4 protein chains.
Amino acid sequence: MDIQIRTDLALETRESFEGTNVEIKGVVLEEEKRCDDSIKVTRVIIKNREGAAAMRKPIGTYITLEAEKLRDDVSDSNLSGIALELSRYIRELLPVMQNGKILIAGLGNKDATPDSLGPETIERIQVTRNFNEFYGENGWEISCIAPGVMAKTGMESMEIIKGIADQINPDVVIAIDALAARNAKRLNTTIQLTDTGINPGSGVGNHRKGLTKETIGVPVVAIGIPTVVDVATIVRDIMDNLIEMFSIRDEYKELTDGEQYQFIKEITSPEIRTLYVTPKDIDEDINVLGFILSEALNNIWKKTE
Amino acid sequence: MDIQIRTDLALETRESFEGTNVEIKGVVLEEEKRCDDSIKVTRVIIKNREGAAAMRKPIGTYITLEAEKLRDDVSDSNLSGIALELSRYIRELLPVMQNGKILIAGLGNKDATPDSLGPETIERIQVTRNFNEFYGENGWEISCIAPGVMAKTGMESMEIIKGIADQINPDVVIAIDALAARNAKRLNTTIQLTDTGINPGSGVGNHRKGLTKETIGVPVVAIGIPTVVDVATIVRDIMDNLIEMFSIRDEYKELTDGEQYQFIKEITSPEIRTLYVTPKDIDEDINVLGFILSEALNNIWKKTE
Amino acid sequence: MDIQIRTDLALETRESFEGTNVEIKGVVLEEEKRCDDSIKVTRVIIKNREGAAAMRKPIGTYITLEAEKLRDDVSDSNLSGIALELSRYIRELLPVMQNGKILIAGLGNKDATPDSLGPETIERIQVTRNFNEFYGENGWEISCIAPGVMAKTGMESMEIIKGIADQINPDVVIAIDALAARNAKRLNTTIQLTDTGINPGSGVGNHRKGLTKETIGVPVVAIGIPTVVDVATIVRDIMDNLIEMFSIRDEYKELTDGEQYQFIKEITSPEIRTLYVTPKDIDEDINVLGFILSEALNNIWKKTE
Amino acid sequence: MDIQIRTDLALETRESFEGTNVEIKGVVLEEEKRCDDSIKVTRVIIKNREGAAAMRKPIGTYITLEAEKLRDDVSDSNLSGIALELSRYIRELLPVMQNGKILIAGLGNKDATPDSLGPETIERIQVTRNFNEFYGENGWEISCIAPGVMAKTGMESMEIIKGIADQINPDVVIAIDALAARNAKRLNTTIQLTDTGINPGSGVGNHRKGLTKETIGVPVVAIGIPTVVDVATIVRDIMDNLIEMFSIRDEYKELTDGEQYQFIKEITSPEIRTLYVTPKDIDEDINVLGFILSEALNNIWKKTE
C-alpha cells in the first residue's frame, strides 16, 4: 500500500487510482482535445499538500499531450502542427519573465539512444543570448546546455545547471528529459509538461538530485517524453493477462497495485532489473521527437515577439 | 515441439536440450578454459544433417567465448588479453586464403546504441588494401564496410556486401553483428564465432536475407555478441520463478520449452512484442566490445605476418 | 599553357577564358535568374570534342546555381525555396527512367566536416526501395549509400558503388560530393549539377577513380558544392592584389593563368600544399546545405508522383 | 612595430625575436630532449612584467613538446610514450592541491573537426568524482565538461566553467583547446602547456573571454595543440619565398615582422580572412591527439596514487 509506483507521468499516477472518475482531494483533472481530436490534452493540477500526498508528486501543474498519430504520421505538417500546440502549452507554464531569459537544458546521455532525447533537442535550438550581447538587442535571451551524464562528467546535471544559472541569471530553466513510463503504449507518443521541474529519481538516467526551484534558484519547467519502460512494468502488464488464464492464488489478487508491482520486482532476477525496454527503431523516434520539441521551443520566442 | 526458439547463440540452443550431458547425434561439444580460467570457451560442431536438424542451425563450427570478467574489469590489460584469445579463435575459423584478402562488414544501425556494435568496430579497423594498391605490397589486404540498415539505405546488408565482394574478390568476409540472447546474463559478455555466416532472421535488426557462402559467394565468418534480449525471453525467465510460487495449472508445466515460450509470446500484447531489452549503460558496453573486436581483428594480420 | 587549373566547377573553367563573352567552339553558355533574381543559374553545355578539349571536361551539361543569399538568410522558407528550384534542375538532368530506380551516393568523409556534405545529405534521404519490396508497390525506388573514404574502407568509392549498382540495377546514380573551388566567395553558396558524373581527381577527397557511366554502367548525375578552396588558390588571389602594388618583374605578368597558378604552387612549401582552406563555421554550412540537398532529392519523387 | 602577431604559441612568439639566442629581459628559455631525442621540450618562463611586455603574454611557464615523429608513427607504443612524457609535464604545472580535485574542460566545437580536440579528449577521460561521492573515497576527484561553443549555447565557455567551478570547488581547472599556429609544420605535432590559462582571443574559436585564475577563481592549466593556421600566416610564409625571387620594393623589406603580417592581412580580401587552413586528414590527427591527451590526463592521477 505504501509502495512507490515507478512512473514519471502524473497521468499514470492518476490512472492508478481505482477509477479515473474518483475525485481525489486537492487534485483537479481537466481534459481537452486539440488538432481535430488527434491530440488528447490532460491537465492534472495538484493544488495542495493533500493532493501532493495522494499523488506522491509536488504541488503544481502537469500537462500531458497524447498524440497517438505520431506512430503513423511523421509528415512535416503533422509534426509542425504538434509542435505548435506544444509551444502554446509550454508558454502556459512559463513564469512571468522580467527579461525573457531562458536557459534550456537537454538532460541525458547522447550516446545511449533512448536517453538522448535532451541532447538531441538541444542540437536544434536557436540560441539568441550571444546576439543580444553583441548587438545590445533587448529581445528574448535563449541559451542552452547539454550537461551530459554523471558517469561521463563526474557531476550531477543539477550541479552543472545550478552553476550556469548562477552565472547567467535566467528567468526560468526549461529541462528536457527522457522518461520511463509504465504503459508501453505511451512510448514516444506522450509529452508531459510540468512547472514542478524534475524530481529526484525520475528520468531514464534516474537523476539523483532534482532540478527544481529549490535546487536551481529559479523556476524549472520540465518537458519529458517516455522513451523506455522498465522491465518490472512489462512483467506487470503480462501478469494482468495471466491472472485471467491461471488460477492464481487469492493473495495475489488481493494485493494493491503497488504491492503487485513490488512483488513482481522481487521475483525478477537482479540481472534483469537493471535493463530497460525500448522500441527497436528508437533512433527514428528520437529524431522525430527532437524535431518536435526544438520546433516548439524555437516557436516560443518567435511567436511572442 | 516444433516451435522455433529465438536465440542467435548455438550455445543456448544446445543448452535447451534437457541436460547438457545428453549426446545429440551429429553434434560435438568441446569445452576449455583460457586466461586463468576467466574465459570459458565452448565449441559446438554440427557435423551433419542430423545434427543440423536437431540444432536447427547450419552445419559448421560455433565457438563461444564467455568472459564474465568483462562486467567488472575493463582495464586495458584485461581487454587486450581477451582480444588476443579472440584473434586466435577467429584465425581458427578462417578458410585457407590464397591472397590474404579479407572484407570486414560491420552490420547494424550506428544510431541505435544496442545495434551499433558492427559499425562501432569498423571505425577502429586498420585497413591495408589501399596501401597494397599504392605500393604494390603483397601482404594481407584488409578492407571494411558498414552497410547500414535497410530502413536507411533501402537495401539489404546482404545486397551491399555481395556487390562489394564481387568487385574486390575477398577470400573471406568477416561479418560483425549485435545478437539477441535468451539469457540476460549473457548480455555483452559472450562472443560467438562461426564459420556458417549470418542466417536469415538473426541479429538485433533481424536480417531478412542471410550472409553465407551461398549468398555472398565466398566463406563468411560471423562474430556476434548478444546486446539485447527480447521481451518474451524476459517474461519466460520470470515465469520460471512464478511457477514455484503459484499453483499454475498442470498444462503449463507439461508444455515443452518451446511451447512455453510461444505461449508467453501469445499473452504478450503487440505493443510489447516489438520492444527490446538492453542494459542502461549500453553505450559503455558497446565501446568496450568494439575495442575488443577491433583489437582482435587488427591482430589477425599483424600476428601472422 | 598546358597546365591544368584545379577547379571542380565548369563555371570557373569557363570564366578562366579571357572574357566571358568570348565564344568557345562547342561550348554553349546560358544564363537565367530564378527566385526573384536571388539565384543565378548558368548552364554550360559542352557539345562536342572540340568543346571538351577547350574546357578540359567531358561532353555534357553543367548547371550551376549561385545563391549568395545563402550566406545571410538560412530561414526555412529560403532554404525550401532553393531546394525546390534545385529539384527542378536535377530532374532536368535525369535520364529517361524505365523503373524510377535511383541510387543516391553520398561521397566523402563523415568525420572531416568540410568533406562530410555527402554523408550528411544521405542521413536525411527518405528511401523507398524497402517499401516497394514489402508491399509490391510500383513507384519510385530510392536507395542510398555513404561509401566512406578509402583511408577508412580500403576501397575506392567507385568500387563500392559499382558493386551495389550491379546488385540493385538502378536507372541512374546520383552522387553528392564536396568540391574544391578556386574562388573563395563561391564557398558553400554555389551548387553544380552535371550529367557527366564525377571525374578522377575531383572532390575534396580527390577521388582517384571516377564515377561515370563508363565505370558504373548506368548514367551518373553529380551534385557538388565547393566547401574548400586549396591553398594555391588563396595565394593566387592575393598575388593578383600584389602585382598592382609592387613592381613585379615582367615575366610574371606575362604568364598565363595556368602558369601563374603552377608558379605559385612551386613557391609554396610542401607542408602547405596538403592543407585545405575552409570557413570557421563550416559545420553550420554543411548542416544547411545537407538540408537543401536532401529536401531537393526527397522532392524529386514526391513531386513527380 | 605595435602590431600584434597572431599566434597562440609562446614558442613562436619567442622565435619571432630576431635570433633565438638574443636574451630577452625577464624571459628564461630552457631546452631539453626526451624519448631518444624524438621529443624536443622548450620551457619559456616569463618571470616579470618586463618579460610579459616583450612577449605580450602573461607571466608564467609555457612548456612546448614538439614531437615530429607524430607525423609518421602512430603506433600505440609511440603514442603511449608521448602521453607518459606529457603527463609528467602536466604534473609539473599543477598547483599544490589540497583535495586532488580537478575539473577538466574540453573547449571547442565538436562538430567542426579542426576545433574538436577538446571535446574529443573529454570523451575518453575517466572521471572519478562520482565514485568518491558514492563510496566516500578520498582519492583524486576528476570531473570533466565539454562546454560547447557560443554559437550553439549562447554562452561563453568561461561562463559555463566558472559556474561549474563555483559549484564543485576544484583545486585546478585543466582546459584543452585547439590552437592556431603561425607555422604550418607545427600543425598537430606540437603541444603547449601553460599555467597561465587561456587568454582572450586565443584558440581556433577565438574565445572572447579568457579562462584564467582571475576569471575562474582557481588556477587554470591550459593544454593546446595547433590544429589550424590562419590564412594570413600562409600568405606570409609564401611572401618570404617571393621576396627572393622578385625585386619587391624596398619598403616591404624594411617592414618589421608584425608590419609585414598586417600588410598581408590588408591585401587579403574579406572572404578569405574568415577562413582557416587545416590538413586534409584532420579527423585522423584529432583522433590520435585526443588519445594522447586523454592518456596523459588519465595517467596523472593513476601514477601519483
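**View 1. A:Thr13 and the residues around it.** Leaving out residues up to four places away in sequence, A:Thr13 touches A:Thr7, A:Met55 and A:Lys57; contact here means heavy atoms within 4.5 Å. The model is predicted, so local features need pLDDT of at least 70 and side-chain atom pairs count only at pLDDT 80 or more, while totals for chains, interfaces and linings use all residues. Residues are numbered from 1 along each chain as its sequence is written, chains are lettered from A and ligands numbered from 1 in the order in which they are written, and side-chain values use heavy atoms, with hydrogens and water left out. A:Thr13 sits in helix H1 of chain A, residues 10-15. Is A:Thr13 buried or exposed? A:Thr13 counts as buried because its relative accessibility is 14% (buried is under 20% relative accessible area, exposed over 50%, partly exposed in between, with a 1.4 Å probe and protein chains only).

**View 2. Chain A on its own.** Chain A has 13 helices and nine strands; these are DSSP runs numbered from the N terminus, helices being H or I with at least four residues and strands E with at least two. Of the 305 residues in chain A, 58% are buried. Take the contacts in chain A with a separation of 6 or more: 74% of them join residues 24 or more positions apart.

**View 3. Where chain A meets chain D.** On chain A, 29 residues are in contact with 29 residues of chain D. Together the two chains bury about 2,300 Å², with 55% of that on carbon and sulfur atoms (buried area is the accessible area, 1.4 Å probe, that two parts lose on being put together, summed over both).

View 4. Four salt bridges turn up between chain A and chain D, a salt bridge being a side-chain nitrogen of Lys or Arg within 4 Å of a carboxyl oxygen of Asp or Glu. The side chains of A:Lys110 and D:Glu123 form a salt bridge, at 2.8 Å from N to O. On the chain A side, helix H5 (129-135), strand S5 (141-145), helix H6 (150-153) and helix H7 (157-168) each supply at least two residues that touch chain D. H7(A) gives the most, with eight residues.
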